[in-house]
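Me: I would like to go through this chain slowly, asking at each step what a word rests on.

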Amino acid sequence: MECTRCCKIMDKEKFSFKNNKHKIYYMYCDNCREKVQNMTNKRDNEKRQYEFVKKTNTIVCQCGKQFVSFRDYHVLRHNSTKSHLNFLQRSKKHV
Ligand SMILES: [Zn+2]
Ligand SMILES: [Zn+2]
């Protein structure tokens with residue numbers, strides 16, 4: 001049987017059944033399936049990590065807007081948004 005990922009021809013015992021009853025094999029060998037599985041887990045972890053960082057870096061500005069700031073330029077970018085500038089305009093009038 002040939003693995004559709006690494007394109008090696010191997011014994012059937014290197015493959016697992018996707019469906020035991022119908023004797024359908026996975027198209028990937030066990031080796032490749034494990035690799036793909038690990039990659040998926042890594043992606044999930046990175047995503048979770050990102051969600052966590054996002055949560056801990058959320059800033060609430062004086063203008064009332066919430067935004068995520070990993071870096072300084074996020075703040076700078078927010079400072080030039082319309083809603084923030086409007087807020088500055090409004091607060092200037094009150095002074
Ligand atoms: Zn393979
Ligand atoms: Zn603001």
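Reply: Isoleucine 9 is a place to begin, and it sits in the segment before β1 (17–19), where strands (E, at least two residues) and helices (H or I, at least four) are DSSP runs numbered from the N terminus. This is a predicted model, in which local features need pLDDT of at least 70, side-chain atom pairs count only at pLDDT 80 or more, and totals for chains, interfaces and linings use all residues. Residues are numbered from 1 along each chain as its sequence is written, while chains are lettered from A and ligands numbered from 1 in the order in which they are written.

Me: Why is isoleucine 9 called exposed?

Reply: A residue is exposed if 12 or fewer other C-beta atoms, placed from the backbone, lie within 10 Å of its own, buried if 20 or more do, and partly exposed in between. Isoleucine 9 has 10 such atoms within 10 Å, so it counts as exposed.

Me: Which residues does isoleucine 9 touch, not counting those up to four places away in sequence?

Reply: Isoleucine 9 touches Met1 and Glu2, where a contact requires C-beta atoms, placed from the backbone, to lie within 7 Å. Isoleucine 9 and cysteine 29 are 20 residues apart in sequence, and their C-alpha atoms are 9.3 Å apart in space.

Me: What makes the phi of cysteine 7 worth a remark?

Reply: Most residues other than glycine have a negative phi. Cysteine 7, in the segment before β1, has a positive phi near 60 degrees although it is not a glycine. Lysine 23, in the loop between β1 and β2 (24–25), likewise is not a glycine and has a positive phi of about 50 degrees.

Me: Why do cysteine 7 and lysine 23 count as exposed?

Reply: Cysteine 7 has 8 C-beta neighbours inside 10 Å, and therefore counts as exposed. Lysine 23 also has 8 other C-beta atoms within 10 Å, so the word exposed applies to it too.

Me: How do you know that the chain is more spread out than a compact globule?

Reply: The chain has three helices and four strands, following the pattern β-β-α-β-β-α-α along the sequence. Its radius of gyration, taken over C-alpha atoms, is 26 Å, well over the 12 Å that the globule rule gives for 95 residues, so the chain is more spread out than a compact globule. That rule is 2.2 Å times the number of residues to the power 0.38. The C-alpha atoms fill a box of roughly 80 × 25 × 20 Å along the principal axes, and 3% of the 95 residues count as buried.

Notes. Two residues are in contact if their C-beta atoms, placed from the backbone, lie within 7 Å.
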